[in-house]
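This report describes the architecture of a two-chain model. The sequence and structure are shown first, followed by a discussion arranged by topic.

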Amino acid sequence: MNMPLKVTLLLVLLCLFFALFILDILIGPVTIPIKDILEIITTGE
Amino acid sequence: MNPAWKTIIVGFRLPKAVTAVLAGMALSVSGLQMQTIFRNPLAGPYVLGISSGASLGVALVILGFPPLFAQGNINPLSIWVQIMAAWIGAAAVLLLIMAISFRVRDIMTILILGVLFGSATSAIVSILQYFSHQEQLKAFVVWSMGNLGNVTRGQLTVMSFTILAGLIMAVFSGKMLNVMLLGESYAKSMGLNIMLSRIIVFISTSILAGTVTAFCGPIGFIGIAVPHITRILFKSADHRLLIPAVIMTGGILLLLSDILSQLPGGERTLPVNSVTALIGIPVVIWVIFRNQKITSI
């Protein structure tokens with residue numbers, strides 16, 4: 001595999017990375033960390 | 001933006017996504033380093049027992065010191081103790097494996113020993129669990145399931161800096177790993193300080209695997225699968241290219257696993273460990289069959 005192809009592949013991976021990052025933020029249920037729940041219970045805030 | 005959505009995205013989903021990226025990157029690079037240093041395609045932080053060592057460290061502090069973890073780990077001191085325990089546990093197992101690798105040359109024996117160490121640490125953890133209190137036992141079981149959503153923003157800052165340090169060390173070890181790939185005799189003839197190189201790689205791997213295990217719990221198969229996927233994609237064994245590519249692919253794969261674990265459209269989430277295993281195991285099976293084919297030729 002030549003260098004321009006490797007660079008192109010890296011750029012494709014970079015695009016995929018950002019696409020998945022945004023998708024991960026946008027979809028799925030809200031998961032509240034247990035520590036935060038405990039903090040809310042403890043501090044009442 | 002709606003304040004509720006802002007809280008959901010900025011407060012919960014963004015830290016979770018960043019955690020997934022960092023954990024994926026760290027575990028993948030850690031796996032690549034282990035595969036190169038042991039010259040074993042099935043090596044990785046999980047298989048060689050490094051994650052088990054980190055788990056033992058965490059189990060010892062959570063189950064062994066109940067007062068410190070009595071309020072569900074919200075004490076800042078307990079978080080630091082947990083991180084240090086995971087690091088020490090990971091480093092101890094790695095050093096043990098390396099000490100044995102100086103005496104035993106056969107890589108399959110080292111791999112088997114790694115699996116045995118993993119089993120031994122699991123046995124110790126089981127004993128600790130048996131004698132622990134209900135509250136501590138629950139805290140440890142929840143931790144061991146592997147969860148990217150448990151990391152708070154404050155913890156994420158610490159995690160980012162430590163993983164960044166480990167990744168920087170890994171990037172600088174690329175040239176050394178290239179030489180070590182060709183065998184110790186060749187590396188020595190090239191003037192490489194084998195012991196120093198190993199120490200650098202040990203520290204880097206312990207920081208990376210230990211930190212991820214401390215914050216997210218043991219996450220399996222990413223460390224083994226990602227280096228192989230990257231080698232297939234780039235058709236290269238040059239670590240100067242492989243390390244950045246593995247960093248990228250590791251982040252992508254754990255993000256994908258996290259998306260799948262959230263069951264898009266559903267209201268429940270799966271443990272991320274089960275999704276990474278379902279993605280990683282076919283890759284490991286493929287590597288075993290590929291090696292079998294090479295040996296038979």
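Which residues in H2(B) and H5(B) meet?

## The H2–H5 contact

Ser55(B), Val58(B), Ala59(B), Ile62(B) and Leu63(B) of H2(B) meet Gln136(B), Ala139(B), Phe140(B), Trp143(B) and Ser144(B) of H5(B), where residues are in contact if their C-beta atoms, placed from the backbone, lie within 7 Å. Seven of the residues in this contact are nonpolar, three are polar and none is charged. In this classification Ala, Val, Leu, Ile, Met, Phe, Trp, Tyr, Cys and Pro are nonpolar, Asp, Glu, Lys and Arg are charged, and the others, Gly among them, are polar.

Helix H2 spans residues 50-64 of chain B and helix H5 residues 134-144, and the two pack at an angle of about 155° with their axes 9 Å apart. Axes are lines fitted to C-alpha atoms, for helices over the stretch in contact, and angles run from 0 to 180 degrees between N-to-C directions. H2(B) and H5(B) are therefore roughly antiparallel to each other; the classes are roughly parallel under 35 degrees, roughly antiparallel over 145, roughly perpendicular from 65 to 115, and oblique for the rest. The crossing of H2(B) and H5(B) is right-handed, a crossing being right-handed if the near helix is turned clockwise from the far one by less than a right angle, and left-handed if anticlockwise.

## Model and confidence

The model is predicted: local features need pLDDT of at least 70, side-chain atom pairs count only at pLDDT 80 or more, and totals for chains, interfaces and linings use all residues. Residues are numbered from 1 along each chain as its sequence is written, while chains are lettered from A and ligands numbered from 1 in the order in which they are written.

The predictor assigns the complex an ipTM of 0.78 and a pTM of 0.82. Chain B has a mean pLDDT of 81, with 90% of its residues at 70 or more; pLDDT is the predictor's confidence in each residue, from 0 to 100. Where pLDDT is low, the predicted coordinates should not be read in detail.

## Chain composition

Chain A contains two helices and zero strands, and chain B twelve helices and zero strands. Helices (H or I, at least four residues) and strands (E, at least two) are DSSP runs, numbered from the N terminus.

Of the 45 residues of chain A, 11% count as buried; of the 297 residues of chain B, 46% do. A residue is buried if 20 or more other C-beta atoms, placed from the backbone, lie within 10 Å of its own, exposed if 12 or fewer, and partly exposed in between. In chain B, residues 24 or more positions apart account for 80% of the contacts with a separation of 6 or more.

## Packing around H1

Helix H1 (residues 3-37) of chain B packs with helix H6 (residues 153-172) at an angle of about 25°, their axes 10 Å apart. This makes H1(B) roughly parallel to H6(B), and their crossing is left-handed. Residues making the contact include Val18(B), Leu22(B) and Val29(B) of H1(B), together with Leu156(B), Ile163(B) and Leu167(B) of H6(B). By class, eleven residues of this contact are nonpolar, four polar and one charged.

The axes of H1(B) and H11(B) come within 7 Å and cross at roughly 135°, which makes H1(B) oblique to H11(B). The crossing of H1(B) and H11(B) is right-handed. Among the residues of this contact are Gly24(B) and Leu32(B) of H1(B) and Gly250(B), Gly251(B) and Asp258(B) of H11(B). The contact of H1(B) with H11(B) has 15 nonpolar, seven polar and one charged residues.

## Individual residues

Most residues other than glycine have a negative phi. Phe221(B), although not a glycine, has a positive phi of about 70°. Phe221(B) lies in the loop between helix H9 (194-216) and helix H10 (222-234) of chain B and is buried, with 25 other C-beta atoms within 10 Å. Lys235(B), also not a glycine, has a positive phi of about 45°. Lys235(B) is placed in the loop between H10 and H11 of chain B and counts as exposed, with 10 C-beta neighbours inside 10 Å.

Trp80(B) is located in helix H3 (residues 76-103) of chain B. Trp80(B) is exposed, with 12 other C-beta atoms within 10 Å.

Notes. Two residues are in contact if their C-beta atoms, placed from the backbone, lie within 7 Å.
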